[in-house]
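Grab your viewer and work through them in order.

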Amino acid sequence: MATVDPSVTSAQTLQLAKTAKRDYLVAIEQRYQDLWRQQAVFEQNPPSPEDLAAANLDASSDPDNVREAYPKWFGTMAYPYMNGSLHLGHAFTLTKVEFAAGWERMQGKRALFPLGFHCTGMPIKSAADKIARELEMFGPEFKLPEETDEDLANGTAAVSLNSQPSGNADPTKIVAKKGKQAGKATGLKYQFQIMQLGGVPTSEIHKFADASYWLKYYPPICREDCESFGARVDWRRSMITTDANPYYDSFVQWQMRKLKMLQRIKFGERYTIYSAKDGQPCMDHDRSSGEGVGPQDYTGIKIEVTQWSPAAAEALKSFESELAGKKVFMVAATLRPETMYGQSNCFVGPSITYGLFASNKSDEVFLITRRAANNMAFQGLSPERGVATQLGQIKGDVLVGTKVKAPLSVYEEVYVLPMETVLATKGTGVVTSVPSDSPDDYMTCQDLRKKAEYYKIDPSWASLDAVPIIRTPTYGDLTAPELCKRMKIQSPKDAKLLAEAKEAAYKEGFYQGVMLIGKYAGEKVEKAKPLVRKDLIDASLAFVYNEPEGLVMSRSGDECVVALCDQWYIDYGESTWRAVAERCLGGMNTFAKETRNAFEGVLAWLNQWACARSYGLGTKLPWDPQYLVESLSDSTIYMSYYTIAHQLHSSIDGAKVGPAGVRAEDLNDAVWDYILCRGEKPETSVPIETLDKLRAEFEYFYPLDVRVSGKDLIPNHLTMWIYNHVAIFPERFWPKGVRANGHLLLNGEKMSKSTGNSLTMREAVGKFGADATRIALADAGDAIEDANFEEATANAAVLRLHTLAEWCVEMTKDTTLRTGPKDSLFDRVFENELNALIEVTKEQYDAAYYKNALKWGFYELQSLRDWYREVVAEKGMHKDLVMRFIEVQALLITPVAPHFADFVWMEILENKTTVQNALYPKVSAPVDKTLSATLEYIRGLTSSIHSAEGQQLKKQKKGKQNLAFDPKKPKKLSIFVAAAYPAWQQKYVDLVGEHYDSATNTIDDKALLPKVSKMGEVKKAMAFVQIIKQKLQTRGNVSAEDILSRKQLFSEGEVLSSILGFLEKSVGAKEVEVVVVHETEDGGVKGVKGAEEVEVPVQALSAVPQEPSFVFVNVEA
């Protein structure tokens, strides 16, 4: 059978016809990547002894003083997992650190961005084991047997590149830490095919049966991809995780021992997501789906069967011997044990097949779904752990009419009734009915009463009324009936409304409700709930039952359960620890309110986390080496390891001892404490001078300034990162910032290998080059919401960069550029706007808004250049300003497109050192708002004139008659300038000013508008007031004072005189005239052109200062 073609994963992406311009840019990129590598540009070190001495400091100086003299910045991203190549989503996350590193360098800081390689956990080991099995099945060439016609007809062929994933899998779902799994959404059956799809040669695949080979194969590819992307990474500090690197292994062992010493790691029995197939807990990084899903804690209510329905009795005859002498309990899983007093019946799904399963008590049998039984088997609720012993089975429809005894119910016996919405995939498939407080139950009971014949039930079975059990202030004694009435819910099929009603009923009942019945009558529900649950369990009428909150699939393909396990766990959520973590979060920059809210939510629920497993790769748990530290527990503080990694080892696996000359076995806990936690001087063979140097480097770069990752890691890794830092490090080393980004769409669609809408980082750079890819990633977005990489944007960036490069080269050779004084209006406006764009672009970079920085510092900057070139076409551009533009453009785009910037900086501007060491440009003069207003005036007027002319052309093309003028014939443009504001307007300006709040930039309309109405002139006054309001609320850099004073920032006459020639050429007019419009004493207007008074058309009346009107008229040729 043919091997899998990797190109199918990107078959539906943009195909480029011509690549010459891209190839030109790629050649530039490769030149500068070589230069950066040769000059070790991105390797950052702390200040040397000479540096310290120059600042009157020494090795004993406080790190804060050292950083004040030599500022630093330290940023990281979640290190990528080494089971495949990096995809475009990785590149998107990487840019958030990488652009920041470039920006911080331009602020004069030593910007450190290291990147390691994560290898801990199950995925690599699991995939290696699959390759080993497939080697046995197919041999080293992985030749599959030919598929038969029957295979193809049944859809069981080994591989189909066009097939879709089976089951409920979402073929488009990409999650940051798992997106590299090529087989996740490709329809491929075997691991070797997934490797082929990832571009691994078939002749190499047999080597991957050894898990250690993955650790050698993928890290160099990751580095190569990042370097071809232009990433500013200090590769000296890279490492692989697991015990394959003895230095990192020692570091993780120290971390775990320290947490245990601090009583943050504990041992005990707890409920956890568990893979029976793997025989161990299945944590987030072990899952192919269901990240973030935890155990859901239910109360299992034991509803004893007292009399089978005739149909059920008949169906169970074949199991009589298995059930003889045993009580059968239908087990309902409930979140509201306090409502059991109100049970009026029990629901089953008529189409669900139930099993009768042996329980942990020899005389009791549970009637539940197989799924629920599988969970209970791992929670001590079956005769043998992990084994669900089924004694018989029965369909739900035949159970209808069975009589049962519901614990605590005011009704001695109730009946089993059908409910179409019962799910076999949630709970036990048995639902206890409390129509007083459950809107779903109430509506179903009402429907059964009305349609007893349709449902084939005895009307008496559904005749029991809802019982008042909880009183709430909003809905009274019968919450569910009242809610359904208020929300006008008509049917049990009104799913959306019922979901809203259910949430409202639960919140109101739990937080505001008071018990009306039972042992705890008069108590608040939130107090009574756990007491009722305890009483039920103590009386053997219920038990604790847990199951996953949603579907969880392990990477080995196993549907996970919840198991009650003895295990080592990290005690996240412990109240004092949580309070410290919340304090740390409070002092951090989260870059978005949504990110902070997400962290606060996770801190409120994240609790005990299993930190050990028995299968996979990793570091052995120091005190219990039968276990490995799981992958989310060995990756919480490794950012601190980066600060000294290059001193410890010179190879990523630690095989080569680093410059410090420290052996891994020398790194005992006391040494780690001394270096990273300001611990006491340790007993060690390592010279104290060496340890001091390591400590100084750590303390110079720590704390971490920003940590970047996908938003899907907030519920686990990122929150654990905060917890571990506050537990292990002194407060001065707590992290300062965290940024979460959304997932990355490709061309507006979710990335999917099966549909061909997918790009790896390598494919994107190969297709568009590094800088064009980076520009498209910057343009994709900065918010926590999902972003979008548009290939059209990347392709357009190729053309724009190439065109700009050619223009810059051309300008340096242009001998016609103007020299001498640069004092014309357009020169001054252009230089002023350059300064304005330098400032606004800086604001965007400071805020880490890279899309906006690109807008102002790249697109708008070039638009300004185009405008300048056009308006001075007759006199020519000034050489100094052209060269200033080229310099500013190179610097403003440096963080995003560094290769292009360096090309311009070194080859065109002939600077001797790389732009990577250049500082951000300073403005040549403070921004002059008068010149800014002049530019806005000229651009606005020009745009309006062109728009009016364009509208006439459109009307002409549509054949409309009686046009104001024929734009294709000779024409004259008359511009009408108001000499002053109309006198009647001033009182309304004053009135708006009285009701304007400068602090909030708002106007009190409730107070303002009635006063305007009382002053007469309502129609024109209201229109004018709206104009003033709009100017205030969209004023940008213009002060409110200038707007309300209606100060004229420049002379319109002088400006228009300067651009008459430009306008004539721009609109193709034979003549352009400027007419000044004056208001006469009698309320009329007159026009003045030069010294001559002229008549003006009606259009002149709409002119106001700095907002001229204009009109075209045709003239003789």
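Rings of Phe, Tyr and Trp (its six-membered ring) pair if their centres lie within 6.5 Å; planes under 30 degrees apart count as stacked, over 60 as edge-to-face and the rest as tilted. This is a predicted model, where local features need pLDDT of at least 70, side-chain atom pairs need pLDDT 80 or more, and totals for chains, interfaces and linings use all residues. Numbering starts from 1 along each chain as its sequence is written, and side-chain values use heavy atoms, without hydrogens and water.

**Exercise 1.** Classify the pair F138 and F192.

Searching the whole structure gives 51 aromatic pairs. For F138 and F192, the ring centres are 6.0 Å apart and the planes meet at 65°, so call this one edge-to-face. Next, locate the partners: F138 belongs to helix α5 (residues 122-138) and F192 to helix α7 (residues 191-197), 54 residues apart. Helices here are DSSP runs (H or I, at least four residues), numbered from the N terminus.

**Exercise 2.** Decide whether F138 is buried or exposed.

Buried means under 20% relative accessible area, exposed over 50%, partly exposed in between (1.4 Å probe, protein chains only). F138 comes in at 13%, so it's buried. F192, at 2%, is buried too.

**Exercise 3.** Classify the pair F830 and Y868.

Centre to centre you get 4.2 Å, with 5° between the planes: stacked. F830 is in helix α29 (residues 825-846) and Y868 in helix α30 (residues 850-871), so the pair ties together parts 38 residues apart in sequence. Both F830 and Y868 are buried.

Definitions and conventions. Helix = DSSP H or I, 4+ residues; strand = E, 2+ residues; numbered from the N terminus.
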